[in-house]
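Hi everyone, thanks for coming. Let me put the structure up, and then we'll walk through it together.

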Amino acid sequence: MMDRLSDSARLALIHQTLVHRRHGIITSLLEETEHPDARGLFVFNALMVDVKAMMIDPSRAKANNPTSDRASLAGSGAAFDRTSALWAAFGEAIERYSAAAHFDDQLHYASETQLGEMAVKSEQFVLFSPEQYQTEHFEFAAPDADLVRAWAPALDLANPARETYVPAQMVYLGMQVKDKREIIFQSSSTGLACGMDESRAILSGLSEVIERDSFAALWQMRYSPRKLLITNDTRAQLLPGVQRTLDHPSLEVHLWDMTTDIGLPVVLCLARSKTDGTMSLGASAHLNVEQAINKAVIEAMHGYVWGSSILTAGTPLPERKDIRNPGDHFAYFLNPERRAAMDFLFENPATIQSSDPSLHQFSDVNQLISRLTQMGHRALVVDVTSEDIATLGFCVVRALIPGLHPLLFGTDMMSLDTRRLQGIASYWGLRCVPQANSDPHPFP
């Protein structure tokens, strides 16, 4: 039935189905007041039912993980048209709801040793260094190949016939486990994607994993990226709202290219006020560099509106020791005295044109998967669509690319496993992986 509806009728039906104060997946949908520095930007915040609270098993362990807790309780969307902003908010809420709901009959219990080649081995993921595991009170367990744990069936996009399993704790948000040693990594929303087209959801999930790999490497190595210069042809393909933002008299808007050896265009945007402490970073990876620019700018302005509301409300900004979740990372940098930590972004005088061939390497997701395979990386997805969401025509996936570097949240929380950083450092022209940046990152 959904396929036969007009776009407006489909959106109305989704709104009616999802939003209800007492028994909706979304209990409250709020539209932000238009910000004077972001004219034409629509922002919606979706407050969600706490699905995990209904699934708690007191006999099972759960990581004290404010990152995944926050992610599964709210969704938000922004766009330069109201309809797209609504879809974005619904999509984020749906993906987080689906990833928070999981049941034992979806999982397979075995040890890594028992699964053999069907298991994606823990050493294939960038987790933590041996030194970190030896640190007293380190919150994550070193992987144990003989520990019976929950596994989720995954699709290997380069080899669909291959039976593949990944640790379920890395798939589902804030998952409760039978043994606390199953908790080997921070649970976050990275790689979650929702869509009514499975192929688009897969591309979106893979792109986000690549985007986070790039930014995590940039920040951890204090790499100063090339400034991205927009050609006239590129500018003509950008959204009108994005064009207006780039020319806004009250804003500094900076664009950088942080594409890695993978070759998928990754754009970083910084938007900050010329008059107060409001600032925000946005980033995006996409097959099309124009779309990457659009999304990076929209994400930066989405955060800018959020930051302005925090400052206007007089909400106390967190101290470094109190940083626990993405919101804390973001709010920490609303204090202008902390901006110096981002000065390294401006140190590289090199530039790259948006028309550069290196930013136009892929025409479809299959080419991206082939590139990852050539590099020795596996592109994996787990279908986490809950049954109720599937009836609405949505597909929700968790994308994983073992071997890419993770972006983590919390005071001094980062991976000191440098295997992936070594390859990126070489591609970016660094002689070696420098000492890790000790400043918390500003990524929301």
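By class, how many nonpolar, polar and charged residues does the lining of the second largest cavity have? Before I answer, a word on the model: it is predicted, so local features need pLDDT of at least 70 and side-chain atom pairs count only at pLDDT 80 or more, while totals for chains, interfaces and linings use all residues. Residues are numbered from 1 along each chain as its sequence is written, and side-chain values use heavy atoms, with hydrogens and water left out.

Now the answer: 8 nonpolar, 8 polar and 3 charged. Here Ala, Val, Leu, Ile, Met, Phe, Trp, Tyr, Cys and Pro count as nonpolar, Asp, Glu, Lys and Arg as charged, and the others, Gly among them, as polar. A cavity is a set of points on a 1 Å grid over the protein atoms alone where a 1.4 Å probe fits but cannot get out, and lining residues have an atom within 4 Å of a point. This one holds about 180 Å³ of space, the volume being that filled by probe spheres set on the points. Nearest its centre lie Trp219, Met413, Met414, Asp439 and His441. Helix α6 gives the largest share of the lining, 3 residues.

What about the largest cavity? It has about 360 Å³ of space and 26 lining residues, with Met170, Phe185, Thr190, Leu400 and Pro406 nearest the centre. Two elements, α6 and β14 (395-400), each give two or more residues to that lining. Its classes are 16 nonpolar, 7 polar and 3 charged.

Notes: On a 1 Å grid over the protein atoms alone, a cavity is a set of points where a 1.4 Å probe fits but cannot get out, and a pocket is an open set with protein on both sides within 12 Å along at least five of seven lines; lining residues have an atom within 4 Å of a point. Helices (H or I, at least four residues) and strands (E, at least two) are DSSP runs, numbered from the N terminus.
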